[in-house]
Amino acid sequence: MTTMRRTLALSILAGALFAAPLATLAQDIKPRLIRFGYGLNEVSNQGRAVKLFATEVERLSGGKMKVRAIGAAALGPDVQMQQALIGGAQEMMVGSTATLVGITPQMALWDTPFLFNSAREADAILDGPIGQKVMDTLPAKGLVGLVYWENGFRNLTNSKRAVNKLEDLDGIKLRVMQNNVFLESFKTLGANAVPLPFSELFSALETKTVDGQENPFNTILSSKFFEVQKFLTVTNHVYSPWIVLVSKKWWDGLSKDEQKVLMDAAVTSREFERKDTREEAGRAVAELKAKGMQVNELPAAEAARMRDRLTRVNASIGANVGMDLWNETQAALAKLRAAPASTTARK
Ligand code: TK8
């Protein structure tokens with residue numbers, strides 16, 4: 001071996017010896033980056049809760065895990081982000097359970113019109129064994145569900161007329177989520193239902209591609225739908241959950257400690273998010289009125305007619321989510337309704 005070649009060999013050996021510990025060190029120092037996508041604006045109940053989650057993750061992990069929150073559907077609408085999570089190109093997101101139905105049919109349970117009568121019922125079922133059972137269908141599809149957040153009870157807005165009776169919905173071009181239960185429900189009620197991703201909704205309303213939409217008060221406010229919608233009808237036709245999702249591909253590569261950080265931060269964010277959402281919803285109607293919206297309550301008799309028509313849709317949901325799950329949910333709700341609120345305090 002020539003001197004030069006020996007020197008070269010030695011320096012390669014030295015390089016290999018020193019490179020290994022350095023690489024481990026670099027891995028220890030470099031925080032794990034979590035791209036967390038969501039659909040609403042930064043200034044919304046969703047944006048605030050994602051921010052809190054990010055702060056919690058950083059705190060609990062001592063800075064070893066870092067969440068980059070990316071709102072306003074900048075990483076794509078719900079359906080596209082779900083695919084990115086499944087493929088492992090994105091780590092986390094929060095979005096509507098309704099847009100997951102194409103991936104796991106059991107999620108359609110939450111789309112059942114008038115399923116929950118109150119937030120108390122929603123919390124009890126979502127955080128209990130039934131909510132868990134539905135979430136447990138996700139890992140087989142490449143997703144891990146951590147917690148449910150509150151999107152809220154949905155209400156109707158449109159630019160055409162006040163909806164005082166069922167027939168007022170006739171022919172209204174109504175944007176619905178990309179979900180068959182919503183599509184069928186509003187067709188059954190006489191509206192001309194059009195599925196669209198949320199990220200396209202504001203401009204569709206603005207250009208009158210659609211006349212109306214339905215979302216909780218909070219979103220009507222934070223997404224500024226009051227700028228392009230005159231009429232708001234309080235229907236509370238369904239309670240919508242959001243779900244915090246993790247890419248299973250990525251989750252499986254985390255340590256148990258890292259998984260615990262995410263789960264603990266998710267639970268804290270859930271408690272914060274529900275409180276914040278309910279507080280905001282409580283004052284949103286007054287704000288929407290002040291912004292010029294004309295608000296009316298759907299009369300009880302008309303709400304009853306709506307419910308009646310939708311029982312048809314309920315039968316098909318039962319078939320899709322499985323009759324066992326459907327019956328278990330109805331039984332759990334009956335039990336909750338029979339028990340006084342004080343004995344079924346929230347967990
Ligand atoms: C936000 C959506 C939104 C939902 C909808 O990405 O699409 O109307 O209510 O919250 O998930």
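Guide: Let's begin with a term: on a 1 Å grid over the protein atoms alone, a cavity is a set of points where a 1.4 Å probe fits but cannot get out, and lining residues have an atom within 4 Å of a point. Grid points are joined across faces, edges and corners, and a volume is the space filled by probe spheres set on the points. This is a predicted model, where local features need pLDDT of at least 70, side-chain atom pairs count only at pLDDT 80 or more, and totals for chains, interfaces and linings use all residues. Residues are numbered from 1 along each chain as its sequence is written, and side-chain values use heavy atoms, with hydrogens and water left out.

Visitor: How much space lies in the largest cavity?
Guide: By the grid rule, there are two cavities of 30 Å³ or more. The largest has 20 lining residues, with Leu40, Asp78, Ser96, Arg175 and Phe198 nearest its centre. Its space comes to about 240 Å³.

Visitor: What share of the protein's residues counts as buried?
Guide: Buried means under 20% relative accessible area, exposed means over 50%, and partly exposed is in between (1.4 Å probe, protein chains only). Out of 347 residues, the buried share is 50%.

Visitor: How far apart are the end C-alpha atoms of helix α12?
Guide: Helices (H or I, at least four residues) and strands (E, at least two) are DSSP runs, numbered from the N terminus. The expected span of a helix is 1.5 Å times one less than its number of residues. For the 16 residues of α12 (323–338) that predicts 22 Å, which agrees with the distance between the end C-alpha atoms, 22 Å.

Visitor: Which residues of α12 are exposed on the face turned away from its buried side?
Guide: Start with the buried ones: Leu325, Trp326, Thr329, Leu333 and Leu336. They sit on the same side of α12, because they cover an arc of only 100° around the axis, taken from the directions from the helix axis to the C-beta atoms. The face turned away carries Asp324, Lys335 and Ala338.

Visitor: Is Gln90 buried or exposed?
Guide: Gln90 is in the loop between α3 (78–87) and β3 (92–96). Leaving out residues up to four places away in sequence, Gln90 has contacts (heavy atoms within 4.5 Å) with residues including Arg35, Met81 and Ser247. Its relative accessibility is 4%, so Gln90 counts as buried.

Methods. 1 Å grid on protein atoms, 1.4 Å probe; cavity = no way out; pocket = protein on both sides within 12 Å on 5 of 7 lines; lining within 4 Å.
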